[in-house]
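Welcome, and please open the model in your viewer. We will go from the whole chain to single residues, one selection at a time.

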Amino acid sequence: MSGLIQYYVASSVDGFIADADDGIDWLLQFGFEAFQERYDAFLAGVGAVVMGSGTYAYLRRESPDSWGYEVPAWVLSSREQPTIPGADIRFASGAVPDLLDDIRASAGGRNVWVVGGGAVAAQFHAAGALDELHLTVMPVVLGAGTPLLPIGDGPTPPLALTRSEVVGPGAVGLVYGLTG
Ligand SMILES: NC(=O)c1ccc[n+]([C@@H]2O[C@H](COP(=O)([O-])OP(=O)(O)OC[C@H]3O[C@@H](n4cnc5c(N)ncnc54)[C@H](OP(=O)(O)O)[C@@H]3O)[C@@H](O)[C@H]2O)c1
């Protein structure tokens, strides 16, 4: 039995996950405390994570001496990437449908968290494999930046809202079903 593939992400009100300078200070200004419970509940179901090389570069830049994931982490890149000692990081390249079986297997029946960015999540969506969007809408408008989910074949049918909650200082947590 395999778990779900879930895109858990925070965006601005106008749908960007990073600003025009590829930064997320607009997100970090809110701190983690108010979001910790929601994050911990989500993380409890996660068996593997997937991210693009841009997100990997950001994480290495911000925390060069530590790695935040205890589960297998897939980093998608067409280029050779630096490794992190002691971290279970699997570098992969190519079409998402060709990688899906291995990614799912690495999660051991638990869920797969697509960390980002948006274009990586869009590849899972295009493959019909993105089951849920776990979105935290932050109360800030950016005007430009990296889009949340740049799918090529929109608009989608109306998404199924399965959960909504106010989180912390004016943010809203939403869970949408995308498949089935
Ligand atoms: N707000 C949030 O919650 C949130 C969450 C995640 C990330 N972010 C932010 O978003 C930004 C990163 O997003 P991004 O869209 O710029 O980058 P990204 O999606 O992390 O990485 C994109 C890169 O990954 C590689 N890649 C993607 N799919 C691939 C595939 N199928 N095969 C091989 N390589 C593949 C490509 O680079 P190469 O092939 O050249 O390596 C591509 O340019 C960062 O600023 C990060 O902090 C924010």
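What follows is a short tour in steps, each with something to select and a note on what is there.

**The whole protein**

Keep in mind throughout that this is a predicted model.

Of the 180 residues, 45% are buried. How do the contacts run along the sequence? Among those between residues at least 6 apart, 73% join residues at least 24 apart.

**The aromatic rings**

Next, select Y8, Y39, F42, Y56, W67, Y69, F91 and W113, and show their side chains. Ring pairs link these residues into a cluster. A pair of aromatic rings is described by the distance of the centres and the angle of the planes. In this protein the count comes to nine aromatic pairs. Zoom in on Y8 and F42: their ring centres are 4.2 Å apart and the planes meet at 20°, under the 30 degrees required, so this pair is stacked. It connects distant parts of the chain, since Y8 belongs to strand 1 (residues 5–12) and F42 to helix 2 (residues 36–43), 34 residues apart. Are these two residues buried or exposed? Both Y8 and F42 are buried.

**R38 in helix 2**

Stay with helix 2 and pick R38, which is found there. R38 has a relative accessible area of 10%, so this residue is buried. Draw a distance from its side chain to that of E165, and you will find a polar contact of 3.2 Å. Leaving aside neighbours within four places in sequence, R38 is also in contact with other residues, including Y8, H134, L135 and T136.

**Helix 3 and its cover**

Move on to helix 3 (residues 53–62), where S53, T55, Y56 and Y58 are buried. What covers the buried residues of helix 3? The cover includes helix 1 (25–28), strand 3 (46–52), strand 4 (73–76), strand 5 (89–92) and strand 6 (111–116).

**The ligand**

Now select the ligand and the 25 residues around it; S53, T55, S77, S78 and G94 come nearest.

- From A10, a polar backbone atom is 2.7 Å from a nitrogen atom of the ligand.
- From S77, a polar side-chain atom lies 2.5 Å from an oxygen atom of the ligand.
- From G117, a backbone N or O atom lies 2.8 Å from an oxygen atom of the ligand.

Taken alone, the ligand exposes 930 Å², and the protein buries 79% of that area.

**Helix 5**

For the last stop, select helix 5 (residues 118–126). Which of its residues are buried? They are G118, V120, A121, A122, F124 and H125. Just after this helix comes G128, with a positive phi of about 70°.

Note on methods: Residues are numbered from 1 along each chain as its sequence is written. This is a predicted model: local features need pLDDT of at least 70, side-chain atom pairs count only at pLDDT 80 or more; totals for chains, interfaces and linings use all residues. Side-chain values use heavy atoms; hydrogens and water are left out. Rings of Phe, Tyr and Trp (its six-membered ring) pair if their centres lie within 6.5 Å; planes under 30 degrees apart count as stacked, over 60 as edge-to-face and the rest as tilted. Helices (H or I, at least four residues) and strands (E, at least two) are DSSP runs, numbered from the N terminus. Buried means under 20% relative accessible area, exposed over 50%, partly exposed in between (1.4 Å probe, protein chains only). Contact means heavy atoms within 4.5 Å. A residue is near a molecule or strand if one of its heavy atoms lies within 4 Å of it. A polar contact is a pair of N or O atoms within 3.5 Å; within protein, one must be able to donate a hydrogen and the other to accept it, and residues adjacent in sequence count only if both atoms are side-chain atoms. Accessible areas come from the Shrake-Rupley method with a 1.4 Å probe; for residues, only the protein chains shown count as cover.
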